[in-house]
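Here is a short briefing for a first look at a protein model. Keep the structure open as you read.

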Number of protein chains: 2
Amino acid sequence: MMRGVSVIGVGMIPFGKYPERKLADLGWPAVKAAIADAGLEPRRLEGAYCGTALGGMMSGQRVLGRLGLTGLPITNVENACSSSSSAFRQGVMAIEAGQYDVVLVIGVEKLTKFGGGTLPLEEEDWEVRLGLSMPALYAMRAQRYMHDFGLTREQLALVSVKNRKHGAMNPDAQMRKPVTLGEVLDSRPIADPFTLLQCCPTGDGAAAIVLCATAIAREFRSDPIHVLASDLTSGKFMTGFRDMTIPEITVRGAKKAYEHAGVGPEDLDVAEVHDAFSIAELLYYEAFGLCGRGEAGAFIESGATTFGGKIVVNPSGGLLAKGHPVGATGAAQVVEIVRQLRGEAGERQVDGARLGLTHATGGGISGFDHGACAIHILAR
Amino acid sequence: MMRGVSVIGVGMIPFGKYPERKLADLGWPAVKAAIADAGLEPRRLEGAYCGTALGGMMSGQRVLGRLGLTGLPITNVENACSSSSSAFRQGVMAIEAGQYDVVLVIGVEKLTKFGGGTLPLEEEDWEVRLGLSMPALYAMRAQRYMHDFGLTREQLALVSVKNRKHGAMNPDAQMRKPVTLGEVLDSRPIADPFTLLQCCPTGDGAAAIVLCATAIAREFRSDPIHVLASDLTSGKFMTGFRDMTIPEITVRGAKKAYEHAGVGPEDLDVAEVHDAFSIAELLYYEAFGLCGRGEAGAFIESGATTFGGKIVVNPSGGLLAKGHPVGATGAAQVVEIVRQLRGEAGERQVDGARLGLTHATGGGISGFDHGACAIHILAR
């Protein structure tokens with residue numbers, strides 16, 4: 001019988017560009033905030049997992065060294081865009097295993113050190129050597145989806161309008177200015193059908209989470225948030241043999257997570273999904289069963305995924321507005337869902353949110369044969 | 001009550017320089033060998049942990065993609081020199097937690113992509129910016145130890161003579177030529193007192209391990225090797241305030257591992273320790289309690305740590321002869337100990353070996369305030 005795991009502390013720094021800060025100096029304020037939020041004596045921490053995709057060796061040790069939080073076992077986890085989401089899962093598993101009672105999870109990334117532009121990818125990836133970049137790949141998915149289901153450019157652009165509207169209410173978002181449909185459509189073309197405002201920005205960031213065994217959670221806070229599911233899925237080797245409008249890795253991951261949590265899409269109040277590009281969020285509506293196949297365009301147009309709708313998707317602003325410092329993203333999604341479930345989300349609070357989901361996926365240009373997809377379901 | 005964990009399969013490629021091979025092409029032959037060694041249907045694998053320090057994003061996914069071993073959850077782990085040792089520990093923990101019954105652990109690294117020379121370190125590390133490199137750091141430790149305990153240059157050089165002698169019997173070693181004491185002392189000076197032959201070589205490599213719940217191990221092999229302890233320790237923030245001849249992180253780690261395994265140094269038949277430089281092995285003799293403080297020089301001189309001695313240290317040749325492709329080292333240490341405990345080590349077999357230890361440590365130039373040290377104790 002595995003032990004229950006709860007979140008008792010969360011913290012993050014506002015995502016943005018901090019070229020003058022070292023990685024460790026991005027990370028430590030987030031950790032400090034999460035520990036304070038948990039009302040925890042730092043010495044209670046027994047282990048730490050740090051997710052980073054491009055932070056370099058010993059990122060977790062460097063961050064915790066700044067706080068003097070040394071001596072506890074630290075393990076760094078890399079799974080591209082799911083790095084800190086995967087670190088979260090390792091933390092959950094360590095508590096389930098009975099190895100630790102209290103664990104720290106960190107996500108940290110400094111993308112400004114690469115000088116901006118699209119994510120540096122592995123040159124071993126043959127698609128990368130052929131010139132495929134992330135915007136180009138997602139653009140092909142968008143083109144195909146538009147062709148198959150008649151999605152309009154306006155419907156597609158609505159994802160950015162919604163998420164920038166949400167981000168404007170989030171003090172931790174990198175992009176805090178709302179934008180109109182016209183502004184999205186008229187922004188600089190990147191990879192057709194995407195304009196600039198349909199691509200997530202480059203930036204730096206950090207987020208942190210304190211996890212503990214559910215049995216002791218109320219020693220720290222009266223409102224622990226419980227982890228109902230924490231699943232990792234990898235891609236299958238079938239590139240080119242499938243429909244690229246179906247994010248198969250997420251479909252499989254969603255099925256597992258719903259099963260483990262004993263819930264379905266209709267039970268969710270709020271979700272943070274991996275909207276690296278506008279089309280992505282629409283594909284994930286379908287992968288998570290929020291709407292039927294081919295219905296995502298009409299679904300967002302109906303307002304179903306913003307405040308007052310069936311479920312609020314990316315209340316934080318998502319990757320498009322909150323930003324996407326790769327390794328920090330998964331942890332920041334958990335921070336947002338925990339704040340929502342506690343009722344601490346201020347003007348972007350989802351009324352009466354009781355059940356939320358986070359979803360980070362990525363790795364490998366194709367996202368199919370490589371790739372990692374981490375999904376967590378949290379409940380108050 | 002945690003479940004027991006056993007090793008049922010091991011494999012590696014000979015360490016060396018493979019500038020023409022991609023990272024994935026270093027990794028997959030090791031994985032294939034480990035799976036074959038376990039007599040396992042690949043579909044029985046439920047999860048994988050891949051350790052790499054500098055392999056780049058999604059190393060595990062890239063390796064397993066080559067074998068079509070996709071779809072299972074893959075997590076990449078980075079802890080500098082302890083990367084695949086830490087990955088091994090995550091695999092152990094996942095089985096203990098009851099998440100999986102059968103897990104693959106990979107260690108893989110391609111250092112030739114950096115063009116040789118000493119390990120690229122994080123420039124955020126202030127000591128690195130001040131010019132400190134790994135050879136320089138260990139040289140200072142050696143100087144201090146020589147000053148404090150009268151260790152001679154000849155005694156120090158004996159570590160290389162011994163490990164090169166061992167490596168000459170290991171078909172997987174990068175350096176297979178034995179060397180004389182004179183050759184070690186006369187080789188090119190690197191950082192006094194180290195000559196070239198007292199520094200581990202740069203190279204590429206991969207190793208893999210199949211772990212399973214002890215309860216089912218005999219389905220696969222009649223001679224499973226059992227994991228008695230698997231511990232990770234991080235450094236403490238006290239740089240400059242301690243005696244640099246005492247590797248404090250290893251002292252703490254050894255204590256934990258002995259406690260968890262219920263054994264002491266006198267029970268060990270064989271050990272693979274982190275001899276990145278000649279002095280390191282001597283300091284670890286003392287840290288592991290193989291001999292007393294200040295006695296390491298006389299201890300190696302007595303032949304206590306080679307064949308016929310009290311305990312054989314680094315029968316594989318260690319980092320000095322087998323090589324040190326950073327992220328692959330910890331997994332390769334486990335490969336060696338498993339072969340020794342099974343009686344499969346050929347001409348370098350330690351007679352009647354029943355209990356063995358692996359030790360990988362590193363990260364952060366100082367190895368103190370940063371750093372990770374992973375120790376595993378295995379028994380037949």
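Which residues in H9(B) are buried? They are B:Ser278, B:Ile279, B:Ala280, B:Glu281, B:Leu282, B:Leu283, B:Tyr284, B:Tyr285, B:Glu286 and B:Ala287. A residue is buried if 20 or more other C-beta atoms lie within 10 Å of its own, exposed if 12 or fewer, and partly exposed in between, with C-beta atoms placed from the backbone.

This is a predicted model: local features need pLDDT of at least 70, side-chain atom pairs count only at pLDDT 80 or more, and totals for chains, interfaces and linings use all residues. Residues are numbered from 1 along each chain as its sequence is written, while chains are lettered from A and ligands numbered from 1 in the order in which they are written.

- Helices (H or I, at least four residues) and strands (E, at least two) are DSSP runs, numbered from the N terminus.
- H6 (residues 153–167) of chain B packs against H9 (residues 278–287) of chain B at about 100°, with the axes 8 Å apart.
- Axes are lines fitted to C-alpha atoms, for helices over the stretch in contact, and angles run from 0 to 180 degrees between N-to-C directions.
- H6(B) and H9(B) are therefore roughly perpendicular (angles of 65 to 115 degrees).
- H6(B) contributes B:Leu156, B:Ala157, B:Val159 and B:Ser160 to the contact, and H9(B) contributes B:Ser278, B:Ile279, B:Glu281 and B:Leu282.
- Two residues are in contact if their C-beta atoms, placed from the backbone, lie within 7 Å.
- Just after H9(B), B:Gly289 has a positive phi of about 75°.

**The nonpolar core**

- The largest nonpolar core has 269 residues, and A:Ile209 and B:Ile209 touch the most other members.
- Such a core is a set of buried Ala, Val, Leu, Ile, Met, Phe, Trp, Tyr and Cys residues joined through C-beta atoms within 7 Å.
- Beyond its neighbours within four places in sequence, B:Ile209 contacts residues including B:Val7, B:Phe88 and B:Val335.

**Chain A**

- Chain A has 12 helices and 12 strands.
- Its C-alpha trace spans about 55 × 40 × 40 Å along the principal axes.
- Of the 380 residues of chain A, 64% count as buried.
- Among contacts in chain A between residues at least 6 apart in sequence, 79% join residues at least 24 apart.

**Where the chains meet**

- 45 residues of chain B are in contact with 45 residues of chain A.
- Helix H1 (23–38) and strand S8 (225–234) of chain B are among the elements that each supply at least two residues to the side touching chain A.

Conventions:
Angles under 35 degrees count as roughly parallel, over 145 as roughly antiparallel, 65 to 115 as roughly perpendicular and the rest as oblique.
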